Amino acid sequence: MDIKLDPSRDDLPLMANTSHILVKHYVLDLDVDFESQIIEGTIVLFFESGNKFKKQSSSTEETYPSESNKACKFRTPEPCHIPVTNTRTVSSKMGYNDLVICGKGEKDTSGKDGNHDNQEQASGISSSKYCCDTGNHGSEDFLLVLDCCDLSVLKVEEVDVAAVPGIEKFTRSPKLRNQIVRELVALPADRWREQLDYYARCSQAPGCGELLFDIDTWSLQIRKTGVQTATDFPHAIRIQYTTKPQGRSVTWTSDQSGRPCVYTMGSPINNRALFPCQEPPVAMSTWQATVRAAASFVVLMSGENSAKPTQLREGCSSWHYYVTMPMPASTFTIAVGSWTETKPEICSSDDLATEKSFSPFEADFRYVGVCGHMEYPCRFQNASATTQEIIPHRIFAPVCLKGACQETLLPLIPPCLSAAHSVLGTHPFSRLDVLIVPANFPSLGMASPHLVFLSQSTLTGMSQFCGTRLCHEIAHAWFGLAIGARDWTEEWLSEGFATHLEDVFWAKAQQLAPHEAQEQRELRACLRWRRLQDEMRNSPEDMQVLRPNKEKTGHVSDSGSSVIKHGLNPDKVFMQVHYLKGYFLLRFLARRLGGDTYFSFLRKFVHKFHGQLILSQDFLQMLLESIPEERRLELSVENIFQDWLESSGIPQPLQRERLAGAECGLVRQVSAEVAKWVRVNRRPRKRKRKETEEVLEKVRHRWCELVVKHKYTEAYRHVERFLQEDRGKRSPCKEPTGSTCVHEPVGRRFPCRLCWAAAYGGQHSATPCPPAWLSVVVHVPWLLSAAGSWLQLVPVGVASVCL
């Protein structure tokens, strides 16, 4: 490799050599085992060689290497018998046996190479002692590098796609396996069904030779002896592997009903601990997956189709998903659990793709031009899809939350989807599943193609909190998924847009009058301004920059590898700078252009760049080009970079705006209410308790529970203060230790949560969920600032992690 990595830093390495060879399609065949907490099976990768260092082979026939090359000290795949401890590792429908038997005269090497763990002792690809060339311009073997972590790789082999019946239709030279794959990946978009079918057939073809491989902390390296170029490297390979229980891409846990489940939770390392892949966002690919689990489980994935289970044998079901829109491997999502489905009983006429009259404000998104992305079956070119306001949707949740979903979430999805369509136009994805994830989910929501995760906390209280969060995740369908950042350090291109659009979507979903919508937006801007000020005071300066790589943004090494700055920093999970500064930048631009002009431009931008990756300058240059020169004033890409994206702290234009801006009526009303609560909270303690004081005390109590349960040491002083100031104000209950508790009134069926946390470290199953205080936080967020310095309003991030 041509980059050196310092393991002591908090940057995330992207190791795949995408400049030389690209994965175009993945076929996964997996089994989910809840007893051992592993996912095992195979993945077949179909490649297209890159153009950067392409060297044409002088031979017209497939190269079959000799075994004489000893330059690279990889594990040699001697004929061996790989022990299979679980018969479900290989699908019964797969038509090959070579995953188990590699050849004649095999010997048992299970104690040696049967399980190649991801250990530091494995040599790294950046080590000089490896002579293998990651490009195709040297004299040594070409080295394929995949991003990989926390996986046990058992075997890597070339796939004999030429053995698939009927495959000769793709090439005049049916014996040339790489040519077959090239023709397969190049099929036009209108033949996508045939393409998926042959991908599946090829994935089940027999192997035609094992490949040398090695694995280190962050990557899997594969080579074929004697093959010196990416063009000649096998274009279809199969990897047999298992995940590890401690793997960081998935979480094994129990849902709110106590049933086991597993899901991808948006890990900083993305999916590299779920399957070997090319992580850099430029490696946009399609995929299809077959996942088997016990019949009592439901498998949800970020696929285009609403999969139904197929009964394989008694007690086991199979689920199949696919996607035809090329996207980064990080968008792949899976959740397996005993979910209960909730969906509309009667399909509304609004769900149908019907024509409607368009105002001039909305009409321009019906423009149909040539898309700028690589070819795939695009909804923006489908006349019926462009008018579909509400896409088909379902809700999945643990059985104990089904009622809450029906009451709170289900009625909100149609108006939120319709509002999003009225603002941005065509929905990029054809359907939507919403899953209420387990209580340990580390945020309030996460969007993937066709699948949104929501925290159970969004179901607490009335519709405001749930609606705004749902709108935020729906906005990611356009910004973050259909349009992605080419450099992952530019998170504001996803989170800033989603935060700005959630207000617009939610106002339309509520059908607010223009002045009401404006007042609601101003109130939210006031709250975000306070949060941003707190963020700037309490975070390192180098983590306050939205474009930390500056002029090097989007640059990669010659091989395609790169490093994501602060990608592994644990503090980053708690930070909202990309949300808040990005939001205020877009708000600033929208106010400068005027709302109608800005959103008209945004729809044109979506139509031009959907299905593609962008950098900040792509958005800003197109925006400024749409503004008449006399109205640009001091606006330029360079000025915006300097003021908003490449500087720490609060941008100067934002400071000037907040100082000069007049508060709207709703903000003044809330400010007066805050002052009243402050006065109430400062009254002498001997006076008669009022309901307002009880609410504040409950909020403090619930916060202290979370502090103790999650060992948030920086806030231990809040617990100490609470126990010192509030002891004796409640009727006692019994602690699990038998002593007296003063935290909760008499009549509880179990000791209060603070007592359980103190006695058992917050791990006791009697702890109820979700926290009752969240409903207070949701509806009166300004109340937190009145509660004093012990809360600081910062736990918007803290609470999302704790919950």
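Strands pair when DSSP finds at least two bridges between them. Strands are DSSP runs of E with at least two residues, and helices are runs of H or I with at least four, numbered from the N terminus. This is a predicted model: local features need pLDDT of at least 70, side-chain atom pairs count only at pLDDT 80 or more, and totals for chains, interfaces and linings use all residues. Residues are numbered from 1 along each chain as its sequence is written, and side-chain values use heavy atoms, without hydrogens and water.

Strand 2 also pairs with strand 3 (residues 38–49), antiparallel, over twelve bridges. Here L30 faces G41. Twelve of the 13 residues of strand 2 (residues 21–33) are buried, so the strand is largely enclosed by the rest of the structure. Buried means under 20% relative accessible area, exposed over 50%, and partly exposed in between (1.4 Å probe, protein chains only).

Strand 9 (residues 212–215) is covered on both faces. L212 and D214 are buried on one side, F213 and I215 on the other. In a regular strand, side chains alternate between the two faces of the sheet.

Strand 9 pairs antiparallel with strand 10 (residues 219–223) over four bridges. F213 has I222 as its bridge partner. A three-residue hairpin joins the two strands.
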